[in-house]
There are 6 protein chains.
Amino acid sequence: MARMDARAQDALRPVEILPHINKFAEGSCLIRWGNTHVLCTASVEERTPPHVPDGEGWVTAEYSMLPRANRERSRRDISKLKLAPRSAEIQRLVGRALRAAVDSRKLGERTITIDCDVLQGDGGTRTASVTGGYVALALACRKLMEEGVLREMPLTTQVAAVSAGIVDDVPLLDLCYEEDSGAMVDLNCVMTREGDLVELQGTGEGRAFTIQEQRQLVDLCAKGIRELLAIQAAVLEGGAL
Amino acid sequence: MARMDARAQDALRPVEILPHINKFAEGSCLIRWGNTHVLCTASVEERTPPHVPDGEGWVTAEYSMLPRANRERSRRDISKLKLAPRSAEIQRLVGRALRAAVDSRKLGERTITIDCDVLQGDGGTRTASVTGGYVALALACRKLMEEGVLREMPLTTQVAAVSAGIVDDVPLLDLCYEEDSGAMVDLNCVMTREGDLVELQGTGEGRAFTIQEQRQLVDLCAKGIRELLAIQAAVLEGGAL
Amino acid sequence: MARMDARAQDALRPVEILPHINKFAEGSCLIRWGNTHVLCTASVEERTPPHVPDGEGWVTAEYSMLPRANRERSRRDISKLKLAPRSAEIQRLVGRALRAAVDSRKLGERTITIDCDVLQGDGGTRTASVTGGYVALALACRKLMEEGVLREMPLTTQVAAVSAGIVDDVPLLDLCYEEDSGAMVDLNCVMTREGDLVELQGTGEGRAFTIQEQRQLVDLCAKGIRELLAIQAAVLEGGAL
Amino acid sequence: MARMDARAQDALRPVEILPHINKFAEGSCLIRWGNTHVLCTASVEERTPPHVPDGEGWVTAEYSMLPRANRERSRRDISKLKLAPRSAEIQRLVGRALRAAVDSRKLGERTITIDCDVLQGDGGTRTASVTGGYVALALACRKLMEEGVLREMPLTTQVAAVSAGIVDDVPLLDLCYEEDSGAMVDLNCVMTREGDLVELQGTGEGRAFTIQEQRQLVDLCAKGIRELLAIQAAVLEGGAL
Amino acid sequence: MARMDARAQDALRPVEILPHINKFAEGSCLIRWGNTHVLCTASVEERTPPHVPDGEGWVTAEYSMLPRANRERSRRDISKLKLAPRSAEIQRLVGRALRAAVDSRKLGERTITIDCDVLQGDGGTRTASVTGGYVALALACRKLMEEGVLREMPLTTQVAAVSAGIVDDVPLLDLCYEEDSGAMVDLNCVMTREGDLVELQGTGEGRAFTIQEQRQLVDLCAKGIRELLAIQAAVLEGGAL
Amino acid sequence: MARMDARAQDALRPVEILPHINKFAEGSCLIRWGNTHVLCTASVEERTPPHVPDGEGWVTAEYSMLPRANRERSRRDISKLKLAPRSAEIQRLVGRALRAAVDSRKLGERTITIDCDVLQGDGGTRTASVTGGYVALALACRKLMEEGVLREMPLTTQVAAVSAGIVDDVPLLDLCYEEDSGAMVDLNCVMTREGDLVELQGTGEGRAFTIQEQRQLVDLCAKGIRELLAIQAAVLEGGAL
């Protein structure tokens, strides 16, 4: 089965990360992943929400799509007075994924908020948000180190994310929007540079899937994530840590 | 490692499903799963939301916790004017899980809404909602068949859900609240009676986890789900189909 | 005129109060009053809202119906971003009724919130909420006494509530849903065990009513409340005070 | 006991109703009742809400206080994104009271909305809203008759409302704000010109009250309402019917 | 071109300002400007919002129309859960205009909120709100001076506002609603008694307008504002300062 | 007085308009105006809001800032459940400005929504939104012409916008954020290519301003707008019409 854009079954779309895209944010990048474009900024605030223990920091994420990020214009959340449930789900995922890369004690009593705003969406916006969000986070941490605000680097590992799916019974890495629309199964992973899992979400949208298929999809994701970690590292000039 | 309640590592808590708990709903049950109690009702309405193709039906779910379902009272969503993001995430999961068991064409142009209201929560409320929600759904479908509203049974399979986690590096099936609070990794599965996956969500809350560990957790869940499917079938007097 | 369920005109439906229904709440019960089922929990918090004078406590109530408590499913408040006005009115009534039974100085600077969640509604949910809510409140007060948090019992009396109505010009005690739907007049009372009124609300829905009729309805309620006070006392093993 | 303003115990404050206060509304008045000033407008719309049977009309009310109607400025509902629960309760009362005076079939498929906006509040705003709202409603009905929109007068009776309370164990008619603040019991009635009750709400705020006291308060209200009906009739030049 | 009400092209509608219209507010007036009636109250609170520097005060405004202020009834903001965008815009304008007349240091750490509630609207409600709002503000400042709360008068100048428009290519002062509906251009000014501009907003609704026309409209407004300043001064008995 | 960036008093910051920045929108551009970056998309929908007369079209705008567009992160509107009042005001301005350039009958019964999302803000975001919004609108109109959806070009003129202000008593064109923060007076204009005014808003933030100053500021804006119209025309390859 040939893919729409003639990619191999285990190939990523072209991924480009432009760091320092925002003049004000402590860390930022624009990640262009095929036709999916996500602007990621990291904002540091010197306070933490009430549920965070004294002496620790907090990393959180917000996710939103611009109204015309998609093929059809969608109404803004504020005009519906309701955060889109899909956005609520995704920003919780991104937050958990990035917290897995941070030692909250080394961060100290401050919050880093990663805003992931999808300027254009063509599938894979949540994994682009994790992957770009990590770069924004790392740049912010580095800046806090350079300014002497932090004495120890709070990052403990590097994380990236990708999805894989089953289309016409064929496992494929990194589905674009059209592939995703016709996928029977969709699974995404967040992994560390050690190759361990941080998050794993799989859904049988068209049919259930076997445990064997699930394993294949995780293996495909692992391959993609290795490549994404390298792209991040190049942008971060040899790694964030 | 001994568990709090002396269960084996691969043992479920006691699960009891009381069907027909609500006089008005087309299908209903109260699922008591350890100290987690969820009231599930299935409500049939003769219309579908706009995004559903003509000639097809829709199954959706809503999830909410009563204010004092937990150790501490929490404020109602309406007093915050905001659906709890965790509830938004869970009800999307329950809806996807149950739709995987239904042929939407056989359901016809009607909506079945599964309301999952947690009267008391002690861990595992989302998997209890899927497992009890399926029973409510099956009872509603059976009622529609008996009344002649439906000619063909829209259920295509049976689904149930359970979670497993890693506590002190030991994989355990079906964590209660205290175990869950201290878990390093938490993974939940929805599976069909054919043993295939419908949903899979894993999170490394305390640490990342290896692909090998992920496989062990899925295997634990598969064992638990086989038992849950049998409990559902007994309540449904030999199966819903 | 024979009633639907062959009750005498001045007879209550069967009322059953199951105490300690919730493992976490300081006080709780499930009140089953005919086919009306309300879960009442009392939650203690060690702070009071701003309007409460220093040194005093506060008792408040929240009321909500589960979506399928009724013959037809209703949308949740949160999906309309609006507390149902009827719920707003009822929870204000329940709060006032229960505060009438409490010495706020003896309660000390703490809040007891009575959550009344209607699992199934067949008429009389507001009076069931007052009557069950009192039991949950009394159990919570007793627990605070037993734990030594309170030195003096803050309850000063016992309260219960019932409604009466005029159907086909006949005064009837404790209308069920079908009777209520056809009632011309509906009146509910909250009374103390001394036989005094705490709240009284009467509405001519189908026609106005004479002062004479109003007095008859209050007398009917007084009879019903005496029976309800006895049921509460039995559950509380001889009374809450 | 002398009252603040030297009124007799069964005397109303001075009440003045200025009709036609709004140039655009189908009916309107400003009711000045002591220092309580409520602007009442009746707006006719040629459609009804979904719950109204075909061929029938609907009368509804909305109630709001201007931010500085009171001794202290209060925030607007919109800044809290929440209708004040007290307003929700009052507008339901006003709506029920006015519907009791209307034959919905004679009104035809149209809605009359009575807006009661409190410009200045000094106690008794809900009863002023009912009493003034009736005048606005009657003027609107008369206008619809004069314009030939209606063939039969939909008003079937005349309604007015007043409250009475117990202050220092003395029953008093028509409490002003200071009296109301110190009242032990507060009871309000809506009655027809036939002397029958449409609504009755009594609350023991400081203590419970006996059935005998309740009867006294209703009798006081009945006296006050007879005077209010005469004031309305004078404004309506001999009655609205 | 003759105007609807036979006014000269540079003539205001009759303007009347009734001070002390509200018993509770620190300052208040009802401004009747043709058929536009706006109730303005000034409320003093002894605190300021967070963005105000220490030692300074704050003046802000809120604007709202009663539902039946207009030819057609409009829904209340709260029923739409949204402040009308037009109201948001107007209250920002009124606040800026009145702050221009106040020395925030002399006001001290307190907030004066000017509530402008339109009882009836016939064009020009925003300029009536500024003009009446100034009177309410001045009366409140005078009261604070008389009570010794303030030692120095915080008012530094006097402000009033009016609009002008182009109808059928003719520049006209102070458009009423019908004129405004057909206007090609609408421009409003806030000016001080020194004749300087504080706010200027012009919109080409039907067509663009030349710089020359813009100057003519400002000149018309300047004439009207001189008359309004005299009306304010008369009400304030020789000026507020 | 030397400006921060050594610009002449009547010089614009560098302005660059990148068209076709969004793959899905009917028209789009990114306008980079100094350090202010606004993404403008035009979305066509084949329906109009209820208030639009039959046979006519509608152009509207929405404006929002990304959370980290500014020096400090701001909370998203949805987390406050409230459209920022400043955004409400700006999007009304942008909508009016762009409608002034369109013949609504030639547009036919369709809506073009211009979304202006500020990626980075350094002063002048509203005028950048008008100026970039016009380009997105023109590109969308051209596309509708090319596709044969429209037979006649609905654009009737070209519009652009700029602001000018008074800093230390010196009139300056096109204030950046730091200049704007210290400005005494701020005035913005929308003008057509014929040199006529569509919108004009001036505010004395630090002091009132004379009519003479107002004229100077409009003249400065007129100069800037001529340059902006040329930049737009170059992007649109000789003009949109």
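This is a predicted model: local features need pLDDT of at least 70, side-chain atom pairs count only at pLDDT 80 or more; totals for chains, interfaces and linings use all residues.
Strand 3 (36-45), strand 4 (58-65), helix 1 (77-80) and strand 5 (111-120) of chain F are the elements that give two or more residues to the side touching chain A; helices (H or I, at least four residues) and strands (E, at least two) are DSSP runs, numbered from the N terminus. Strand 5 of chain F gives the most, with six residues.

You will also find 12 salt bridges between the two chains, each a side-chain nitrogen of Lys or Arg within 4 Å of a carboxyl oxygen of Asp or Glu. One of them joins D117(F) to R76(A), with the closest N and O atoms 2.9 Å apart.

## Area of the interface

Chain F and chain A each bring 35 residues to their contact, where contact means heavy atoms within 4.5 Å. About 2800 Å² is buried between them, 53% of it from carbon and sulfur atoms; buried area is the accessible area (1.4 Å probe) that two parts lose on being put together, summed over both. In chain F, the residues losing the most area to chain A are F24(F), R68(F) and R73(F), together 28% of what that side buries.

## The annotated binding site in chain A

An unreviewed UniProt entry lists R86(A), G124(A), T125(A) and R126(A) under "binding site"; such annotations may be inferred rather than shown by experiment. These residues spread over 41 residues of sequence, yet cluster in space, with a largest C-alpha distance of 13.1 Å.

G124(A) sits in the loop between strand 5 (111-120) and helix 4 (125-146) of chain A. Leaving aside neighbours within four places in sequence, G124(A) touches R13(A) and T36(A), while the contacts of T125(A) include T36(A), Y63(A) and R86(A). The side chains of T125(A) and Y63(A) make a polar contact of 2.5 Å.

## Conventions

Residues are numbered from 1 along each chain as its sequence is written, and chains are lettered from A and ligands numbered from 1 in the order in which they are written. Local features need pLDDT of at least 70, side-chain atom pairs count only at pLDDT 80 or more, and totals for chains, interfaces and linings use all residues, while side-chain values use heavy atoms, leaving out hydrogens and water.

Conventions:
A polar contact is a pair of N or O atoms within 3.5 Å; within protein, one must be able to donate a hydrogen and the other to accept it, and residues adjacent in sequence count only if both atoms are side-chain atoms.
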